[in-house]
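Have the sequence and the structure open while reading.

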Amino acid sequence: MISVFGSANMDLVAYVSQAPKRGETVTGREFRTIPGGKGANQAIAAARAGARVAFLGAVGDDAFGAEMRDTLAGAGVDVALLRQVSGRSGIAHIVVDDDGGNSIIVVPGANGTIAGPTEEERAVIAASQALLLQLELPMEAVVAAAGAAREAGVPVILTPAPSQPLPAALLDAVTLLLPNEHEAADITGATDPEAAMDALLQRVDEAVITLGSEGALYGGRTGERLRVPAVKVRAVDTTAAGDTFAGAFAVARAEGREAAGALRFASAAAALSVQREGASTSMPTRAEIDAALA
């Protein structure tokens, strides 16, 4: 089982030919509400990729919260411990252009009420093969969840997004860090991925830097260094590509795949996701990933 301690947001997505500049108004071609949030996205991605998944997070007592709970459950994610709090659920305002690029504003809502895992949630984390974390919950909550996993000997995979300073207490508990190239540069000050990888491995045992259309770079403190090219596809919407990669990668590692195989599995999943609109709605099934790799 994989546990995901993270955010659940309703994505409010506007599709436009070109994103507006400051002070500019443009006409969009479509608007959709799609359940998302980096935590929920990774949970759905992992479940669809073939794992048993427990999602640990919070939603509000509004219509968005009910829809997000139903969406997670419908994807096969265990939501028995998903908290419901008074007030609004988290939302993400997303603008997607015709090149598949996006810009995002997150309003935490219920996610901001989480201070750390409950005792029941700690027990679920301790029973997991891996814990997936991101940074859309309060930092104190993320650090506490990572610490609970470390105490139980459970590997921690952290997506450091949205980018922000990472406390030593968090990095000390992280097994594998999974930034994109921009987040890796923010953390290390190095814009070259190889140099950024060198710096990351001074802080964590393993890291994967996702490089968009250039694929992904893996490094470990044992000296292993791998670069896997991206699958060449026409991107329609890249919103959930990183979360799809993270969820699929965690599944592959939990199944015992070595780094190269896990990278190929995750890259195939991400390539399938960017060919579809939306976040949780774009994530491929295990059968689709296996077919893409065949």
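Seven elements each supply at least two residues of the lining of the largest pocket: β2 (9–15), α1 (38–48), β7 (90–96), β8 (102–107), α6 (181–188), α8 (241–254) and α9 (259–273). Helices (H or I, at least four residues) and strands (E, at least two) are DSSP runs, numbered from the N terminus. The model is predicted, so local features need pLDDT of at least 70 and side-chain atom pairs count only at pLDDT 80 or more, while totals for chains, interfaces and linings use all residues. Residues are numbered from 1 along each chain as its sequence is written, and side-chain values use heavy atoms, with hydrogens and water left out.

**The two pockets**

A pocket is an open set of points on a 1 Å grid over the protein atoms alone, where a 1.4 Å probe fits, with protein on both sides within 12 Å along at least five of seven lines; lining residues have an atom within 4 Å of a point. A volume is the space filled by probe spheres set on the points, which are joined across faces, edges and corners.

The space in the largest pocket is about 1100 Å³. Its lining has 44 residues, and those closest to the centre are N180, T238, T239, A241 and G242. In the second largest pocket, 13 residues form the lining, with P155, I157, T175, E206 and R253 nearest the centre. Here β10 (156–158) and α8 are the elements that give two or more residues.

**Strands at the largest pocket**

β2, β7 and β8 are among the elements that line the largest pocket. Two strands pair if DSSP finds at least two bridges between them. β2 and β7 run parallel and are joined by 7 bridges; M10 stands opposite I91 in β7. β7 also pairs with β8, in the antiparallel sense, over 6 bridges, and V95 stands opposite S103 in β8. The hairpin of β7 and β8 has 5 residues between the strands, and G100 takes a positive phi near 90 degrees there. Of the 7 residues of β7, 6 are buried (under 20% relative accessible area, with a 1.4 Å probe and protein chains only).

Notes
Buried < 20%, exposed > 50% of the residue type's maximum accessible area, 1.4 Å probe, protein only.
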